[in-house]
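Please look over the sequence and the model below. The text that follows starts where the chains meet and then turns to single residues.

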Amino acid sequence: MSRSPGRKQENHKISRELFVLTYGALVAQLCKDYEKDEDVNACLDRMGYSIGIRLIDDFLARTAVKKCRSYSETADVIAQIAFKMYLGVTPSVSCSSATRNEFSLILDKNPLVDFVEELPAERASLCYCNILCGVIRGALEMVHLAAEVSFLQDRLKGDAVTEIGITFLRKPEDRKHRRN
Amino acid sequence: MAIFSVYVVNKAGGLIYQLDHYAPRADTEKTFSFPLDLVLRPHDERVVVAFGQRDGIRVGHAVLAINGAEVNGRFTADGKDVLEFLGNPANYPVSIRFGRHRLSSNEKLMLASMFHSLFAIGSQLSPEVGSSGIEMLETDTFKLHCFQTLTGIKFMVLADPRQTGIDTLLRKIYEIYSDFALKNPFYSLEMPIRCELFDQNLKLALEVAEKAGPFGPGS
């Protein structure tokens, strides 16, 4: 987590271990606080949402990406620029619907789960990284793109890969009227 | 070279931050004897010069102070009506300070919302789809530069017409906003920005921008 060059401050690098441990402690505490997995997932999503609505301006300020003209451009920017910048990984993007508004990000490396083997038996439907879904949803909402984001596959649950699905909700024609 | 002020407007058109960095104060104080050769008239909440421009006192300037005491709108510091006071020969000779009145915070709020509406009209009038909106408003005494982010926040900078590098300054202000306002967990989005660190870093950025340009003869 370093700042872009040209800033007067020294390079503040915080250790990745600290970040992963903090996230793990957060999830563990939520599991203690809530009985049901759905509640934990919802809480993580809400937290991610409040991160996402702030993170988007930081992302736009640092990268100066232009307005995306299509949903696939947006998905590409999320995968190739945003994920790279904040998590250091680049998921691959695939479009999974004929209407061109459903996309999947396939992560083969996920730094948040580096130290997690598998979910405990009583927490089988916990989405460990659900905060990422909230972040993406919050960030997209601030640029006027409503989307549903969820985990389609999760390595921690035994699937082959970790897959995040993004479904854009509004039709492309409606977007024109939302300018300014 | 100077940057006069910075305005930050949220998505709904409300002013969330305003800084007057440099205000060219052109106050003139003069002593007058009866009868007053300037024509004064009330305007809104102030007494302004309507006719008789001379010696740096221009039409539109407001009465700021009488005999050193600041006036309170249309009334002197001790509660007398300004026009009555100046109509009475017994009060002369009198020293009056004229100058351009400073905008009150309510007026700034109104002007920011008006600009927000003009900006929306500007982008809709555009013959091309996806216009950036008003980027610059130019007059003979200042240039207003505006930058709207993809999230709908507008950053406006009023600067001297010869000042360069405002585009970079606007991007830098966006970065400072995303750092010191957004990353502050106690700052709620779309609300007025009251973060000390934001103020300090913004002032630093303005000073850097002022020092940097323009490059040219006699700068």
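A:Asp58 and B:Lys183 form a salt bridge, with 2.6 Å between the closest N and O atoms. The model is predicted, and in it the count of salt bridges between chain A and chain B is three. Seven residue pairs are in polar contact between chain A and chain B, both residues being at pLDDT 80 or more. On the side of chain A that touches chain B, helix α2 (residues 37–63) of chain A supplies the largest share, eight residues. The residues on that side of chain A comprise 10 charged, seven nonpolar and two polar.

Taken as a whole, the interface brings 19 residues of chain A into contact with 23 residues of chain B. About 1,900 Å² is buried between chain A and chain B, and carbon and sulfur atoms account for 52% of it.

Within chain A, A:Arg123 sits in the loop between β2 (102–107) and α4 (130–142). A:Arg123 counts as buried because its relative accessibility is 9%, below the 20% cut-off. The side chain of A:Arg123 makes a polar contact of 2.8 Å with the side chain of A:Asp37, and it also reaches the backbone oxygen of A:Tyr34 at 2.9 Å. Beyond four places in sequence, the residues in contact with A:Arg123 include A:Cys31, A:Glu35, A:Lys36 and A:Val40.

In chain B, B:Met136 belongs to strand β9 (residues 136–138). B:Met136 is partly exposed, since its relative accessible area is 40%. Apart from neighbours within four places in sequence, B:Met136 is in contact with B:Lys143, B:Leu144 and B:His145. B:Met156 is 20 residues away from B:Met136 in sequence, and their C-alpha atoms are 9.3 Å apart.

Notes:
Residues numbered from 1 in each chain as written. Chains lettered and ligands numbered in written order. Predicted model: local features only at pLDDT ≥ 70, side-chain atom pairs only at ≥ 80, totals over all residues. Heavy atoms only, no water. Helix = DSSP H or I, 4+ residues; strand = E, 2+ residues; numbered from the N terminus. Buried < 20%, exposed > 50% of the residue type's maximum accessible area, 1.4 Å probe, protein only. Polar contact = N/O pair within 3.5 Å; in protein donor to acceptor, adjacent residues only side chain to side chain. Contact = heavy atoms within 4.5 Å. Buried area = accessible area lost by both parts, 1.4 Å probe. Salt bridge = Lys/Arg side-chain N within 4 Å of Asp/Glu carboxyl O. Nonpolar A, V, L, I, M, F, W, Y, C, P; charged D, E, K, R; others polar.
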